[in-house]
Amino acid sequence: QHYYITNNLRMTRRGARRLAGGNTESLTQSINEVILQDVHSLYIEGDDSLLNVGEDLGLSVEPPRKKINIMLIGNHSAGKSSFINWYIEETIQRTGVAIETQGFTLVTSGKRRDTLTGTATIHFYPMLKELLSTDKILDYLATEVTTSKQKKFPLITFVDTPGLVDGEMLYPFDVDQAIQWMGAKCDLIFVFFDPIGQALCKRTLNIVEHLNEFAGDKMRFYLSKADTAGTETDRQKVMMQVVQELCKRPGLNKTGFDMPTIYIPSLANEKQRCVNQIEDVCRDIDKAIAHTLQSILNTLDKDCDTLVERIDETLAEDTVHGKHNLKAYSWWLLFQTLGYGLFLLLITQFIFSILSPSMLSAFIDEQTTQLVFQTIRPVRQLFALIPEDNKYFVFGAIMGVNLLCFLLAKLLSRTKPRLTSRMKKLHIARRKKILETIKPKQSDMYSKYLAQCAE
(Lines give C-alpha, C1' and ligand atoms only; values in the text may rest on other atoms or scores of the structure.)
Protein backbone atom coordinates (compact mmCIF):
# COMPACT_ATOMS: atom_id res chain seq x y z
CA GLN A 1 0.00 0.00 0.00
CA HIS A 2 2.85 2.34 0.80
CA TYR A 3 4.35 1.57 -2.65
CA TYR A 4 1.14 2.47 -4.45
CA ILE A 5 0.70 5.71 -2.48
CA THR A 6 4.32 6.76 -3.17
CA ASN A 7 4.03 5.83 -6.84
CA ASN A 8 0.77 7.80 -7.20
CA LEU A 9 2.35 10.84 -5.57
CA ARG A 10 5.26 10.67 -8.01
CA MET A 11 2.87 10.38 -10.95
CA THR A 12 0.83 13.30 -9.60
CA ARG A 13 3.96 15.47 -9.27
CA ARG A 14 5.13 14.56 -12.78
CA GLY A 15 1.67 15.35 -14.13
CA ALA A 16 1.62 18.69 -12.31
CA ARG A 17 5.03 19.57 -13.74
CA ARG A 18 3.89 18.66 -17.26
CA LEU A 19 0.73 20.71 -16.79
CA ALA A 20 2.69 23.69 -15.48
CA GLY A 21 5.15 23.41 -18.36
CA GLY A 22 2.30 23.21 -20.87
CA ASN A 23 0.59 26.26 -19.35
CA THR A 24 3.86 28.18 -19.44
CA GLU A 25 4.41 27.35 -23.11
CA SER A 26 0.82 28.25 -23.95
CA LEU A 27 1.16 31.53 -22.07
CA THR A 28 4.43 32.31 -23.86
CA GLN A 29 2.85 31.70 -27.25
CA SER A 30 -0.20 33.78 -26.46
CA ILE A 31 1.92 36.73 -25.24
CA ASN A 32 4.04 36.70 -28.39
CA GLU A 33 0.99 36.38 -30.59
CA VAL A 34 -0.81 39.22 -28.78
CA ILE A 35 2.26 41.46 -29.08
CA LEU A 36 2.45 40.90 -32.84
CA GLN A 37 -1.26 41.54 -33.27
CA ASP A 38 -1.19 44.66 -31.07
CA VAL A 39 1.77 46.13 -32.91
CA HIS A 40 0.12 45.39 -36.25
CA SER A 41 -3.13 47.07 -35.11
CA LEU A 42 -1.21 50.21 -34.05
CA TYR A 43 -0.02 50.54 -37.63
CA ILE A 44 -3.26 49.92 -39.53
CA GLU A 45 -6.33 50.45 -37.33
CA GLY A 46 -8.08 53.80 -36.86
CA ASP A 47 -7.75 57.26 -38.36
CA ASP A 48 -4.72 57.92 -36.15
CA SER A 49 -2.92 54.71 -37.13
CA LEU A 50 0.82 55.08 -37.70
CA LEU A 51 0.24 54.28 -41.38
CA ASN A 52 -2.19 57.20 -41.75
CA VAL A 53 0.03 59.55 -39.72
CA GLY A 54 3.00 58.71 -41.93
CA GLU A 55 0.96 59.17 -45.10
CA ASP A 56 -0.24 62.64 -43.99
CA LEU A 57 3.37 63.59 -43.20
CA GLY A 58 4.72 62.25 -46.49
CA LEU A 59 6.61 59.40 -44.83
CA SER A 60 6.59 55.76 -45.89
CA VAL A 61 5.68 53.61 -42.88
CA GLU A 62 5.51 49.85 -43.39
CA PRO A 63 3.23 47.85 -41.08
CA PRO A 64 4.95 44.75 -39.66
CA ARG A 65 3.79 41.26 -40.47
CA LYS A 66 1.89 39.34 -37.83
CA LYS A 67 3.77 36.13 -38.65
CA ILE A 68 7.20 35.04 -39.82
CA ASN A 69 7.57 33.29 -43.17
CA ILE A 70 9.59 30.08 -43.43
CA MET A 71 10.33 28.60 -46.85
CA LEU A 72 11.29 24.95 -47.28
CA ILE A 73 13.24 23.91 -50.37
CA GLY A 74 14.84 20.66 -51.46
CA ASN A 75 14.62 17.82 -53.94
CA HIS A 76 11.35 15.95 -54.31
CA SER A 77 10.59 13.56 -51.47
CA ALA A 78 13.06 15.34 -49.19
CA GLY A 79 10.51 15.46 -46.36
CA LYS A 80 9.44 19.11 -46.59
CA SER A 81 5.72 18.38 -46.48
CA SER A 82 6.21 15.72 -43.82
CA PHE A 83 8.03 18.21 -41.62
CA ILE A 84 5.17 20.71 -41.92
CA ASN A 85 2.64 18.02 -41.02
CA TRP A 86 4.77 17.01 -38.03
CA TYR A 87 5.22 20.57 -36.79
CA ILE A 88 1.53 21.47 -36.90
CA GLU A 89 0.52 17.94 -35.84
CA GLU A 90 -2.02 17.71 -38.63
CA THR A 91 -1.93 16.11 -42.07
CA ILE A 92 -2.27 19.07 -44.39
CA GLN A 93 0.33 18.42 -47.06
CA ARG A 94 0.37 15.28 -49.15
CA THR A 95 3.54 13.22 -48.84
CA GLY A 96 5.06 10.38 -50.79
CA VAL A 97 7.77 9.41 -53.23
CA ALA A 98 6.01 11.11 -56.14
CA ILE A 99 6.49 14.78 -56.85
CA GLU A 100 3.46 15.82 -54.86
CA THR A 101 4.21 19.52 -54.50
CA GLN A 102 4.38 21.05 -57.98
CA GLY A 103 3.58 24.61 -56.92
CA PHE A 104 3.87 26.88 -53.90
CA THR A 105 1.66 26.07 -50.95
CA LEU A 106 1.45 28.45 -48.00
CA VAL A 107 0.39 26.78 -44.76
CA THR A 108 -0.89 29.09 -42.02
CA SER A 109 -3.00 29.06 -38.88
CA GLY A 110 -6.47 30.59 -39.01
CA LYS A 111 -9.95 30.56 -37.51
CA ARG A 112 -11.25 27.70 -39.66
CA ARG A 113 -9.99 25.02 -42.02
CA ASP A 114 -9.94 26.20 -45.61
CA THR A 115 -8.10 25.87 -48.90
CA LEU A 116 -7.46 28.99 -50.99
CA THR A 117 -6.68 28.82 -54.69
CA GLY A 118 -4.36 31.15 -56.61
CA THR A 119 -6.52 34.26 -56.85
CA ALA A 120 -7.74 33.96 -53.26
CA THR A 121 -4.13 33.47 -52.13
CA ILE A 122 -3.11 36.74 -53.83
CA HIS A 123 -5.92 38.56 -51.99
CA PHE A 124 -4.91 36.88 -48.71
CA TYR A 125 -1.23 37.78 -49.21
CA PRO A 126 -1.08 41.05 -51.24
CA MET A 127 2.73 40.92 -51.26
CA LEU A 128 2.51 37.99 -53.70
CA LYS A 129 1.16 40.27 -56.46
CA GLU A 130 4.76 40.90 -57.52
CA LEU A 131 5.12 37.15 -58.09
CA LEU A 132 2.50 37.30 -60.85
CA SER A 133 5.23 38.54 -63.20
CA THR A 134 6.29 34.87 -63.31
CA ASP A 135 4.24 33.37 -66.13
CA LYS A 136 1.53 30.78 -65.27
CA ILE A 137 2.36 30.72 -61.55
CA LEU A 138 -1.15 31.77 -60.47
CA ASP A 139 -2.48 28.27 -61.16
CA TYR A 140 0.24 26.84 -58.94
CA LEU A 141 -0.33 28.99 -55.87
CA ALA A 142 -2.42 27.76 -52.96
CA THR A 143 -2.93 28.40 -49.24
CA GLU A 144 -3.89 25.81 -46.65
CA VAL A 145 -5.50 27.39 -43.60
CA THR A 146 -5.70 25.16 -40.54
CA THR A 147 -6.86 25.66 -36.98
CA SER A 148 -3.73 24.03 -35.52
CA LYS A 149 -2.17 25.87 -32.58
CA GLN A 150 0.69 23.45 -31.99
CA LYS A 151 4.15 24.64 -31.00
CA LYS A 152 4.66 28.20 -32.38
CA PHE A 153 2.56 27.64 -35.50
CA PRO A 154 0.15 30.58 -34.85
CA LEU A 155 3.15 32.85 -35.45
CA ILE A 156 4.36 31.10 -38.60
CA THR A 157 3.50 30.79 -42.27
CA PHE A 158 5.24 27.85 -43.94
CA VAL A 159 5.97 28.08 -47.68
CA ASP A 160 6.20 24.61 -49.22
CA THR A 161 8.01 24.80 -52.57
CA PRO A 162 8.00 22.46 -55.61
CA GLY A 163 10.18 19.37 -55.29
CA LEU A 164 13.36 19.91 -57.29
CA VAL A 165 14.74 17.33 -59.71
CA ASP A 166 17.46 17.24 -62.34
CA GLY A 167 17.15 16.07 -65.90
CA GLU A 168 14.29 16.76 -68.27
CA MET A 169 11.69 17.56 -65.66
CA LEU A 170 9.67 20.52 -67.01
CA TYR A 171 7.98 22.93 -64.61
CA PRO A 172 4.96 24.97 -65.74
CA PHE A 173 6.70 28.17 -64.59
CA ASP A 174 10.20 29.47 -63.88
CA VAL A 175 10.66 27.64 -60.58
CA ASP A 176 14.19 28.96 -59.97
CA GLN A 177 13.13 32.60 -60.30
CA ALA A 178 10.00 32.07 -58.20
CA ILE A 179 11.94 30.41 -55.35
CA GLN A 180 14.53 33.18 -55.34
CA TRP A 181 11.81 35.85 -55.23
CA MET A 182 10.05 34.06 -52.38
CA GLY A 183 13.34 33.63 -50.52
CA ALA A 184 13.78 37.40 -50.41
CA LYS A 185 10.40 37.72 -48.64
CA CYS A 186 10.97 34.98 -46.04
CA ASP A 187 12.58 35.18 -42.62
CA LEU A 188 14.04 31.66 -42.73
CA ILE A 189 14.92 29.25 -45.54
CA PHE A 190 15.17 25.57 -44.64
CA VAL A 191 17.14 23.46 -47.14
CA PHE A 192 16.38 19.75 -46.83
CA PHE A 193 18.81 17.22 -48.34
CA ASP A 194 17.46 13.69 -48.85
CA PRO A 195 20.17 11.03 -48.36
CA ILE A 196 18.51 8.52 -50.73
CA GLY A 197 20.25 9.42 -53.97
CA GLN A 198 18.98 13.02 -54.22
CA ALA A 199 21.19 14.89 -51.81
CA LEU A 200 23.40 16.14 -54.64
CA CYS A 201 20.56 17.42 -56.82
CA LYS A 202 22.23 20.08 -58.99
CA ARG A 203 19.08 22.17 -59.34
CA THR A 204 18.79 22.37 -55.55
CA LEU A 205 22.48 23.30 -55.20
CA ASN A 206 22.21 25.95 -57.94
CA ILE A 207 19.20 27.59 -56.27
CA VAL A 208 20.92 27.45 -52.88
CA GLU A 209 23.97 29.17 -54.39
CA HIS A 210 21.83 31.98 -55.84
CA LEU A 211 19.89 32.39 -52.58
CA ASN A 212 23.14 32.61 -50.64
CA GLU A 213 24.03 35.80 -52.53
CA PHE A 214 21.32 37.82 -50.75
CA ALA A 215 19.85 35.55 -48.08
CA GLY A 216 22.78 33.57 -46.75
CA ASP A 217 22.01 34.48 -43.13
CA LYS A 218 18.48 33.12 -43.48
CA MET A 219 19.42 29.64 -44.71
CA ARG A 220 19.62 26.52 -42.55
CA PHE A 221 20.74 23.14 -43.90
CA TYR A 222 19.40 19.78 -42.70
CA LEU A 223 19.97 16.17 -43.67
CA SER A 224 16.37 14.99 -43.67
CA LYS A 225 15.23 11.38 -43.38
CA ALA A 226 18.54 10.71 -41.65
CA ASP A 227 17.23 7.37 -40.34
CA THR A 228 17.11 6.03 -43.92
CA ALA A 229 20.78 6.73 -44.64
CA GLY A 230 21.93 3.33 -43.38
CA THR A 231 24.62 2.96 -40.77
CA GLU A 232 26.33 5.81 -39.01
CA THR A 233 29.24 5.43 -41.42
CA ASP A 234 26.91 5.70 -44.41
CA ARG A 235 25.25 8.75 -42.89
CA GLN A 236 28.59 10.49 -42.33
CA LYS A 237 29.62 9.68 -45.88
CA VAL A 238 26.44 11.26 -47.27
CA MET A 239 26.93 14.36 -45.14
CA MET A 240 30.55 14.68 -46.29
CA GLN A 241 29.47 14.41 -49.92
CA VAL A 242 26.83 17.11 -49.47
CA VAL A 243 29.22 19.43 -47.61
CA GLN A 244 31.96 18.90 -50.20
CA GLU A 245 29.54 19.63 -53.04
CA LEU A 246 28.31 22.78 -51.30
CA CYS A 247 31.84 23.96 -50.57
CA LYS A 248 32.73 23.66 -54.26
CA ARG A 249 30.48 26.66 -54.78
CA PRO A 250 32.50 29.83 -53.95
CA GLY A 251 29.66 31.55 -52.11
CA LEU A 252 28.94 28.51 -49.94
CA ASN A 253 32.53 27.74 -48.98
CA LYS A 254 32.52 28.85 -45.35
CA THR A 255 33.82 27.61 -42.04
CA GLY A 256 31.61 26.22 -39.31
CA PHE A 257 29.25 24.53 -41.76
CA ASP A 258 26.40 22.97 -39.76
CA MET A 259 23.97 20.32 -41.02
CA PRO A 260 21.88 18.65 -38.29
CA THR A 261 20.44 15.21 -39.00
CA ILE A 262 16.66 15.05 -38.66
CA TYR A 263 13.78 12.68 -39.27
CA ILE A 264 10.10 12.50 -38.38
CA PRO A 265 9.83 10.41 -35.19
CA SER A 266 6.55 8.80 -36.18
CA LEU A 267 8.01 7.73 -39.54
CA ALA A 268 11.34 6.52 -38.13
CA ASN A 269 13.01 3.35 -39.36
CA GLU A 270 12.98 1.10 -36.32
CA LYS A 271 15.99 -0.87 -37.54
CA GLN A 272 18.23 2.15 -38.04
CA ARG A 273 18.39 4.59 -35.18
CA CYS A 274 20.43 7.79 -35.18
CA VAL A 275 20.58 11.10 -33.38
CA ASN A 276 17.48 13.09 -34.23
CA GLN A 277 18.14 16.84 -34.09
CA ILE A 278 14.68 17.85 -35.23
CA GLU A 279 14.31 19.90 -32.05
CA ASP A 280 17.14 22.07 -33.39
CA VAL A 281 14.78 23.06 -36.20
CA CYS A 282 12.21 24.12 -33.62
CA ARG A 283 14.86 26.11 -31.78
CA ASP A 284 15.84 27.86 -35.01
CA ILE A 285 12.18 28.78 -35.49
CA ASP A 286 11.91 30.02 -31.90
CA LYS A 287 15.03 32.17 -32.38
CA ALA A 288 13.61 33.64 -35.58
CA ILE A 289 10.33 34.49 -33.83
CA ALA A 290 12.20 36.09 -30.92
CA HIS A 291 14.41 38.07 -33.31
CA THR A 292 11.36 39.18 -35.31
CA LEU A 293 9.51 40.27 -32.17
CA GLN A 294 12.48 42.30 -30.96
CA SER A 295 12.98 43.79 -34.42
CA ILE A 296 9.28 44.73 -34.67
CA LEU A 297 9.26 46.36 -31.23
CA ASN A 298 12.47 48.25 -32.04
CA THR A 299 11.02 49.35 -35.37
CA LEU A 300 7.85 50.53 -33.63
CA ASP A 301 9.90 52.67 -31.26
CA LYS A 302 11.98 54.04 -34.14
CA ASP A 303 8.88 54.80 -36.25
CA CYS A 304 7.29 56.63 -33.31
CA ASP A 305 10.40 58.78 -32.87
CA THR A 306 10.54 59.47 -36.61
CA LEU A 307 6.88 60.49 -36.76
CA VAL A 308 7.15 62.75 -33.70
CA GLU A 309 10.27 64.37 -35.15
CA ARG A 310 8.50 64.92 -38.47
CA ILE A 311 5.45 66.41 -36.72
CA ASP A 312 7.73 68.79 -34.81
CA GLU A 313 9.45 69.77 -38.06
CA THR A 314 6.09 70.31 -39.76
CA LEU A 315 4.77 72.49 -36.94
CA ALA A 316 8.04 74.47 -36.78
CA GLU A 317 7.98 74.93 -40.55
CA ASP A 318 4.38 76.13 -40.33
CA THR A 319 5.42 78.75 -37.76
CA VAL A 320 8.25 79.95 -40.03
CA HIS A 321 5.83 80.10 -42.96
CA GLY A 322 3.43 82.15 -40.83
CA LYS A 323 6.11 84.74 -40.07
CA HIS A 324 7.12 84.83 -43.72
CA ASN A 325 3.51 85.33 -44.83
CA LEU A 326 3.03 88.18 -42.32
CA LYS A 327 6.13 89.91 -43.66
CA ALA A 328 4.98 89.32 -47.24
CA TYR A 329 1.57 90.83 -46.45
CA SER A 330 3.26 93.91 -44.93
CA TRP A 331 5.32 94.46 -48.10
CA TRP A 332 2.21 93.95 -50.22
CA LEU A 333 0.25 96.50 -48.20
CA LEU A 334 3.10 99.04 -48.40
CA PHE A 335 3.66 98.89 -52.16
CA GLN A 336 -0.04 98.61 -52.95
CA THR A 337 -0.62 101.82 -50.92
CA LEU A 338 2.24 103.59 -52.73
CA GLY A 339 1.06 102.42 -56.11
CA TYR A 340 -2.55 103.39 -55.68
CA GLY A 341 -1.49 106.66 -53.97
CA LEU A 342 0.62 107.75 -56.95
CA PHE A 343 -2.12 106.67 -59.34
CA LEU A 344 -4.64 108.74 -57.35
CA LEU A 345 -2.34 111.80 -57.51
CA LEU A 346 -2.15 111.57 -61.29
CA ILE A 347 -5.89 111.17 -61.68
CA THR A 348 -6.54 114.08 -59.30
CA GLN A 349 -4.15 116.38 -61.13
CA PHE A 350 -5.62 115.44 -64.49
CA ILE A 351 -9.23 116.02 -63.40
CA PHE A 352 -8.65 119.32 -61.65
CA SER A 353 -6.41 120.64 -64.38
CA ILE A 354 -9.40 120.75 -66.71
CA LEU A 355 -12.05 121.43 -64.05
CA SER A 356 -12.51 124.99 -62.79
CA PRO A 357 -14.23 125.98 -59.51
CA SER A 358 -17.21 127.43 -61.46
CA MET A 359 -17.72 124.14 -63.31
CA LEU A 360 -17.58 122.14 -60.05
CA SER A 361 -20.00 124.54 -58.27
CA ALA A 362 -22.60 123.69 -60.87
CA PHE A 363 -22.84 120.25 -59.26
CA ILE A 364 -22.10 120.97 -55.59
CA ASP A 365 -22.50 123.95 -53.30
CA GLU A 366 -19.98 126.82 -53.04
CA GLN A 367 -18.63 125.84 -49.60
CA THR A 368 -17.90 122.25 -50.66
CA THR A 369 -16.22 123.44 -53.84
CA GLN A 370 -13.88 125.68 -51.86
CA LEU A 371 -13.08 122.82 -49.45
CA VAL A 372 -12.18 120.48 -52.33
CA PHE A 373 -9.88 122.97 -54.03
CA GLN A 374 -8.19 123.85 -50.72
CA THR A 375 -7.56 120.13 -50.09
CA ILE A 376 -5.91 119.49 -53.48
CA ARG A 377 -4.04 122.83 -53.50
CA PRO A 378 -0.72 121.25 -52.32
CA VAL A 379 -0.93 118.73 -55.20
CA ARG A 380 -1.61 121.47 -57.75
CA GLN A 381 1.17 123.63 -56.34
CA LEU A 382 3.56 120.65 -56.53
CA PHE A 383 2.73 119.97 -60.17
CA ALA A 384 2.90 123.73 -60.89
CA LEU A 385 6.60 123.68 -60.01
CA ILE A 386 7.29 121.30 -62.88
CA PRO A 387 8.45 123.12 -66.01
CA GLU A 388 6.03 122.87 -68.89
CA ASP A 389 8.57 121.07 -71.09
CA ASN A 390 9.22 118.34 -68.47
CA LYS A 391 5.63 117.64 -67.43
CA TYR A 392 5.17 114.68 -69.74
CA PHE A 393 8.51 113.24 -68.65
CA VAL A 394 7.57 113.60 -64.98
CA PHE A 395 4.14 112.06 -65.60
CA GLY A 396 5.83 109.14 -67.36
CA ALA A 397 8.28 108.72 -64.49
CA ILE A 398 5.44 108.70 -61.95
CA MET A 399 3.61 106.10 -64.05
CA GLY A 400 6.80 103.99 -64.13
CA VAL A 401 7.21 104.21 -60.35
CA ASN A 402 3.54 103.36 -60.02
CA LEU A 403 3.93 100.20 -62.09
CA LEU A 404 7.12 99.31 -60.20
CA CYS A 405 5.21 99.54 -56.91
CA PHE A 406 2.54 97.16 -58.19
CA LEU A 407 5.23 94.76 -59.49
CA LEU A 408 7.11 94.79 -56.16
CA ALA A 409 3.84 94.25 -54.33
CA LYS A 410 3.26 91.13 -56.40
CA LEU A 411 6.80 89.79 -56.10
CA LEU A 412 7.24 90.40 -52.39
CA SER A 413 3.78 89.16 -51.43
CA ARG A 414 4.37 85.53 -52.41
CA THR A 415 3.23 83.37 -49.50
CA LYS A 416 4.15 79.86 -48.46
CA PRO A 417 1.61 77.11 -47.73
CA ARG A 418 0.37 76.81 -44.18
CA LEU A 419 -1.44 74.10 -42.26
CA THR A 420 -5.14 74.52 -41.83
CA SER A 421 -6.34 74.98 -38.29
CA ARG A 422 -7.89 71.50 -38.37
CA MET A 423 -4.68 69.82 -39.62
CA LYS A 424 -2.57 71.68 -37.06
CA LYS A 425 -4.80 70.47 -34.22
CA LEU A 426 -4.71 66.97 -35.71
CA HIS A 427 -0.89 66.91 -35.77
CA ILE A 428 -0.74 68.11 -32.16
CA ALA A 429 -3.27 65.48 -31.07
CA ARG A 430 -1.42 62.72 -32.94
CA ARG A 431 1.90 63.78 -31.43
CA LYS A 432 0.36 63.61 -27.98
CA LYS A 433 -1.10 60.18 -28.68
CA ILE A 434 2.23 58.80 -29.90
CA LEU A 435 4.13 60.11 -26.87
CA GLU A 436 1.52 59.42 -24.20
CA THR A 437 -0.15 56.25 -25.50
CA ILE A 438 1.77 54.37 -28.18
CA LYS A 439 5.32 54.69 -26.80
CA PRO A 440 4.30 53.65 -23.26
CA LYS A 441 2.40 50.75 -24.82
CA GLN A 442 5.53 49.75 -26.74
CA SER A 443 7.53 49.82 -23.51
CA ASP A 444 4.86 47.74 -21.80
CA MET A 445 4.91 45.17 -24.62
CA TYR A 446 8.69 44.98 -24.42
CA SER A 447 8.45 44.41 -20.67
CA LYS A 448 5.93 41.60 -21.17
CA TYR A 449 8.15 40.02 -23.80
CA LEU A 450 11.27 40.23 -21.61
CA ALA A 451 9.33 38.95 -18.61
CA GLN A 452 9.15 35.58 -20.38
CA CYS A 453 12.95 35.37 -20.17
CA ALA A 454 13.15 36.33 -16.48
CA GLU A 455 13.34 33.75 -13.74
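Predicted model: local features only at pLDDT ≥ 70, side-chain atom pairs only at ≥ 80, totals over all residues.
Visitor: Why is K151 called buried?

Guide: The relative accessible area of K151 is 17%. Buried means under 20%, so K151 counts as buried.

Visitor: Where does K151 lie in the chain?

Guide: K151 is in the loop between β4 (141–146) and β5 (156–160). K151 has a positive phi of about 50° although it is not a glycine.

Visitor: What makes K151 a charge over the ring of W86?

Guide: K151 lies over the face of W86, at 4.4 Å from the ring centre. The distance cut-off for such a contact is within 6 Å, and the charge must also be within 35 degrees of the ring normal. K151 also lies over the face of Y87, at 5.4 Å from the ring centre.

Visitor: Which cluster do W86 and Y87 belong to?

Guide: Ring pairs join W86 and Y87 with F83, F153, F158, F190, F192 and Y222 in a cluster.

Visitor: What makes α3 (80–88) mostly covered?

Guide: Nine of the nine residues of α3 are buried. Among them are F83, W86 and Y87, which are also members of the ring cluster.

Visitor: What follows α3?

Guide: E89 follows α3. E89 lies in the loop between α3 and β2 (104–109), and its phi is positive, about 55°, although E89 is not a glycine.

Visitor: How many aromatic pairs does the structure hold?

Guide: The structure holds 18 aromatic pairs. One of them is formed by F104 and F173, with 6.0 Å centre to centre and 35° between the planes.

Visitor: Why is the pair of F104 and F173 called tilted?

Guide: Rings pair if their centres lie within 6.5 Å; planes under 30 degrees apart are stacked, those over 60 are edge-to-face, and the rest are tilted. At 6.0 Å and 35°, F104 and F173 form a tilted pair.

Visitor: Which parts of the chain does that pair link?

Guide: The pair links distant parts: F104 is in strand β2, and F173 is in the loop between β5 and α5 (175–185), 69 residues apart.

Visitor: How do you know whether F104 and F173 are buried or exposed?

Guide: F104 has 1% relative accessibility, so F104 counts as buried. F173 has 6% relative accessibility and therefore also counts as buried.

Visitor: Why is the pair of F124 and Y125 called edge-to-face?

Guide: The ring centres of F124 and Y125 are 5.0 Å apart and the planes stand at 90°. Planes over 60 degrees apart count as edge-to-face, so the pair of F124 and Y125 is edge-to-face.

Visitor: How do you know that F124 counts as partly exposed?

Guide: Partly exposed lies between under 20% for buried and over 50% for exposed. F124 has 45% relative accessibility, so F124 counts as partly exposed. Y125, at 12% relative accessibility, counts as buried.

Visitor: What is the volume of the largest pocket?

Guide: The volume of the largest pocket is about 1,300 Å³. The lining has 40 residues, and P64, R65, K66, K67 and N69 lie nearest the centre of the pocket.

Visitor: Which elements supply at least two residues each of that lining?

Guide: They are α1 (2–44), β2, β3 (114–116) and α8 (278–354). The largest share, eight residues, comes from α8.

Visitor: What is the make-up of the lining by class?

Guide: The lining of the largest pocket has 15 charged, 14 nonpolar and 11 polar residues.

Definitions and conventions: Residues numbered from 1 in each chain as written. Heavy atoms only, no water. Helix = DSSP H or I, 4+ residues; strand = E, 2+ residues; numbered from the N terminus. Buried < 20%, exposed > 50% of the residue type's maximum accessible area, 1.4 Å probe, protein only. 1 Å grid on protein atoms, 1.4 Å probe; cavity = no way out; pocket = protein on both sides within 12 Å on 5 of 7 lines; lining within 4 Å. Points joined across faces, edges and corners; volume = space filled by probe spheres on them. Nonpolar A, V, L, I, M, F, W, Y, C, P; charged D, E, K, R; others polar.
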